[in-house]
Amino acid sequence: MASISLVVVKRVKPLPSWVAPLLSFTLGIAVATVLLWIVTLGRTDPIVVLASIGRALAMPQLLLKNFALLTIVGIGLLVSFKASVFNIGGEGQFYFAIIAATWIALFSGVGAIAIINKVLMLVVGVLLAGFWALIAALPRGFLGIDEVPVTLLMNYIAYYIVDYLVFNPWREPKYKYPRTPTIPEESWFIRIPGTTGTIELILLTVVVMAGIWYLMNNTRLGLAINVMGSNPNVLRVVGINPSLIVVSSLVISGMIVGIAGVSYLAGEAHLITIPAEACTPMLGYTGILVAWLSMLRIAYVPVAAYIVSALINAGINIQIAGAGKASVVDVFIGTILLIYSISVIFTEYSVKIIVKR
Amino acid sequence: MLVEHIVVKEVTKRFPGTLALDKVSFTVYRGEIHALLGENGAGKSTLVKILYGIYTPDEGEVYINGKKLVITSPRDAVAHGIVLVSQTPTLINDLTIVENIILSLRHYNLFTRTRRVYSEVYSVLESLGLGIDPNTEVYKLTYTQKQMIEIARALLLKAKVLLLDEATSYLPLTEKKKLFDFLKKYVKKGNSVILITHKLPEALEISDRITVLRKGKVVGTVEKKKADITVIRRMMFGDTEFAPEAIKQRESIGNGVTLFIENLWVKGELGEYMVRNVTLSVRKGEILGIAGITGSGQIELFEAIMGLRKVERGIIKIDGVDTTNKDTGFIRSLGVGYIPDNPLEHGLSIDHTLAENIALCPKYSSFIIDWHAIRQDADRLVREYGIVTPSINTPIKLLSGGNLMKMLISRELEYATKLLVAYNPTRGLDEYTANKVRRNIKEKKAKEGLSVIFASEDLDEIFELSDTIAVMNSGRIVGVFDKYRATRDRVEELMVM
């Protein structure tokens with residue numbers, strides 16, 4: 001009697017690390033295009049879809065904003081992922097920074113004062129985002145409560161807090177639209193002409209990248225975060241409390257995401273529209289994709305952010321071309337992440353089919 | 001009339017760098033309980049793992065019921081009625097006993113009704129003297145019960161030859177007695193048992209014959225009637241003479257007490273007390289060696305000293321400072337170096353480089369790492385301890401085991417200014433490096449008054465390195481000797497008592 005069995009074998013030498021991201025981008029786009037073509041019964045023309053993606057990739061000035069924001073969020077999430085702490089709460093941290101920055105801009109009385117208003121928005125925004133991450137970090141660090149569901153569900157709590165604030169005390173008084181008043185122009189980031197980006201955002205992106213690079217490579221905290229991800233026992237033995245490292249990594253992660261939140265408010269939105277859960281730019285989630293595709297290397301985060309922000313713009317192009325809604329890119333992003341998660345396993349393992357007689 | 005059940009002929013097994021089994025031959029007769037004894041690393045476990053198909057021999061043959069067999073997997077072994085039970089239960093906690101057993105038994109399939117299995121399991125548990133409902137979830141069971149379930153599983157697999165690899169080591173006395181009674185009945189039905197144990201009296205009590213291994217070779221097989229504890233101990237440990245120490249170590253011992261432990265009780269991984277009422281002290285510049293077989297509580301004692309394991313009762317003081325249940329970072333900051341039991345798991349992060357592993361220790365770097373200074377430290381350690389590595393920036397998982405150990409020892413020995421806590425400090429080192437490490441420890445003690453507490457399974461090392469020898473057995477300190485008054489016989493006797 002013949003029997004067929006699948007055997008999973010560990011590769012002697014893992015495949016080069018760029019194989020999985022490259023494969024998932026190309027295959028992901030291909031699979032998603034075909035998928036769209038099938039489910040829309042041929043109404044989305046694959047050529048139009050691919051052309052839209054190509055055009056988006058070739059227009060960096062139009063994706064500057066998303067590129068920079070995603071780089072910041074990606075770097076922020078990377079800090080926690082490095083410690084094997086999975087911060088899925090980027091959205092909540094993003095919105096908590098926005099709450100803080102909005103308060104500074106609209107209600108603190110300093111909103112119209114140039115120079116200090118932006119600094120205060122950033123500082124308070126970052127602190128409040130860090131506080132929101134801390135709520136999930138403490139039970140994870142000291143009680144071992146899984147951070148994935150906690151941070152994920154806290155996103156919705158954050159959305160609803162925003163909804164409450166904007167619907168009630170912060171509601172724009174004139175027409176009673178479900179949104180806040182526009183923040184004073186003095187607190188807006190300065191747009192770079194001809195692009196979607198702002199000067200402050202670009203500066204912040206550079207500072208975040210350099211700062212986190214320094215933290216991860218030249219401080220004992222960064223080293224401990226790295227070691228936490230591969231062997232927490234060692235930390236205990238050398239006398240570093242792993243709980244504190246977990247908490248630090250998640251809080252730093254939230255704070256960095258907070259920088260993106262403030263930049264989004266001051267550079268792009270200028271007011272909060274609700275319901276937040278529907279109006280969010282979803283950068284906290286998309287950032288997860290960016291961090292994963294960068295293989296948790298700081299230098300590759302901008303590369304992944306560029307491609308992902310191009311996909312987001314491609315969605316807009318697709319909508320303009322009448323081949324679908326802008327949200328079709330979610331199919332692309334989802335497919336890429338799925339293929340990446342699968343293919344990353346096969347860089348370390350291979351499958352053999354054995355037929356026994 | 002003796003019928004040969006299992007015959008092992010001239011089996012040799014090599015692992016990189018070691019000869020685990022060297023032309024081992026032995027015979028198990030039908031209906032006998034055969035004990036395998038030997039020091040750690042003597043090759044007992046390798047031998048039963050070969051019988052169970054986990055390893056395949058490089059040379060030699062295995063015969064069962066007179067037929068030559070090639071066993072390549074545990075599945076093969078089970079098909080021939082050979083089942084191994086080791087000291088760690090492998091049950092799935094979330095499932096019930098019955099579910100666990102259905103999973104592992106081949107003659108049950110997807111369509112087997114649990115009720116049928118239930119009654120089979122129930123009767124086997126009954127015969128082992130266990131009154132547990134087979135529908136109990138495994139996480140509710142104690143370690144002892146889990147271990148008995150493992151044995152029940154082996155019986156349900158229709159084991160004709162039961163291999164017990166330290167399976168009885170942690171069982172309480174009453175359970176052990178019950179199990180031994182059962183085993184005696186079990187072999188009467190023409191089955192056989194191969195029992196690996198550290199405990200000499202246990203082997204003498206239950207087995208019919210005893211085979212002793214030493215350094216991968218069979219020293220001999222004795223019948224129980226003719227066996228005697230001193231003869232067997234001699235067979236296990238040999239009569240290795242230890243060379244008298246040339247340096248007069250004693251002079252360096254001061255009056256101050258560096259480590260003081262009183263009435264210490266510490267629980268092990270399984271929730272049982274592994275350290276029982278231990279009182280010890282180590283003076284300044286003194287080396288205290290703890291002799292004892294593996295699992296006597298040395299690891300738990302050391303982890304408690306380092307603040308890595310909770311002290312249930314008792315006091316630990318380091319240099320007069322109460323460190324009982326204090327944070328490891330604080331204890332380390334007093335100048336305490338530590339070589340843990342499992343260096344790769346606990347001592348070093350193998351994904352990181354040698355320089356990074358050094359920078360991780362608080363003493364070598366402040367919050368901001370001065371990589372220049374770390375590199376100098378790393379280069380010096382590499383030079384002084386002869387660590388073979390392509391560079392200090394190579395991930396250390398590419399280093400050999402011996403070099404990893406050297407790296408750990410060098411880091412910790414440099415780190416320790418007051419006290420070094422070391423478990424098997426020269427494990428995995430070749431003779432030359434091992435001697436060098438011992439010399440380094442002694443030098444540091446003589447020159448800087450470093451105190452050392454270490455445990456080793458190697459009695460030669462204990463006698464060579466220690467000023468004072470304490471013997472630990474089943475969590476208790478059963479004897480403390482001045483090195484020059486201790487005799488090997490007495491220490492060995494206490495170790496296996």
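Biologist: Which residues of α10(A) does α8(A) meet?
Modeller: On the side of α8(A), the residues involved are Leu221(A), Ala224(A), Ile225(A) and Met228(A), where helices (H or I, at least four residues) and strands (E, at least two) are DSSP runs numbered from the N terminus, and contact means heavy atoms within 4.5 Å. The model is predicted, so that local features need pLDDT of at least 70 and side-chain atom pairs count only at pLDDT 80 or more, while totals for chains, interfaces and linings use all residues. Residues are numbered from 1 along each chain as its sequence is written, chains are lettered from A and ligands numbered from 1 in the order in which they are written, and side-chain values use heavy atoms, with hydrogens and water left out. The partners in α10(A) are Pro242(A), Ile245(A), Val246(A), Ser248(A), Ser249(A) and Ile252(A).

Biologist: How many charged residues does the contact of α8(A) with α10(A) have?
Modeller: The classes are nonpolar (Ala, Val, Leu, Ile, Met, Phe, Trp, Tyr, Cys and Pro), charged (Asp, Glu, Lys and Arg) and polar (the others, Gly among them). Eight residues of this contact are nonpolar and two are polar. The number of charged residues is none.

Biologist: Are α8(A) and α10(A) roughly parallel or roughly perpendicular to each other?
Modeller: Helix α8 (residues 220–230) and helix α10 (residues 242–269) of chain A pack at about 105 degrees, with axes 10 Å apart; axes are lines fitted to C-alpha atoms, for helices over the stretch in contact, and angles run from 0 to 180 degrees between N-to-C directions. Angles under 35 degrees count as roughly parallel, over 145 as roughly antiparallel, 65 to 115 as roughly perpendicular and the rest as oblique. The two helices are therefore roughly perpendicular.

Biologist: Which helix gives the most to the lining of the second largest cavity?
Modeller: On a 1 Å grid over the protein atoms alone, a cavity is a set of points where a 1.4 Å probe fits but cannot get out, a pocket is an open set with protein on both sides within 12 Å along at least five of seven lines, and lining residues have an atom within 4 Å of a point. The second largest cavity holds about 50 Å³, a volume being the space filled by probe spheres set on points that are joined across faces, edges and corners. Its lining includes Lys65(A), Leu69(A), Ser263(A), Tyr264(A) and Glu268(A), and α3 and α10 of chain A each supply at least two residues. With four residues, the element that gives the most is α10(A).

Biologist: Which residues lie nearest the centre of the second largest pocket?
Modeller: This pocket has a volume of about 1400 Å³, and its lining has 19 nonpolar, 10 polar and eight charged residues. Among the elements that give two or more residues to the lining are α1 (19–39), α3 (60–82) and α14 (329–346) of chain A. Of the 37 lining residues, those nearest the centre are Lys82(A), Met295(A), Leu296(A), Arg297(A) and Asp351(B).

Biologist: At what angle to β17(B) does α9(B) run?
Modeller: Strand β17 belongs to a six-stranded open sheet of chain B in the order β16-β17-β18-β13-β19-β20, with mixed pairing. In that sheet β17 (residues 419–423) and β18 (residues 451–456) of chain B pair in the parallel sense over five bridges, and Ala422(B) stands opposite Phe454(B). Helix α9(B) lies across β13, β16, β17, β18 and β19 of chain B, and its angle to β17(B) is about 150 degrees.

Biologist: Which residue in the turn between β9(B) and β10(B) has a positive phi?
Modeller: Strands β9 (residues 209–214) and β10 (residues 217–223) of chain B run antiparallel and are joined by six bridges, with Leu213(B) partnered by Val218(B). They form a hairpin with two residues between them, and the turn residue with a positive phi of about 50 degrees is Lys215(B).

Conventions:
Two strands pair if DSSP finds at least two bridges between them.
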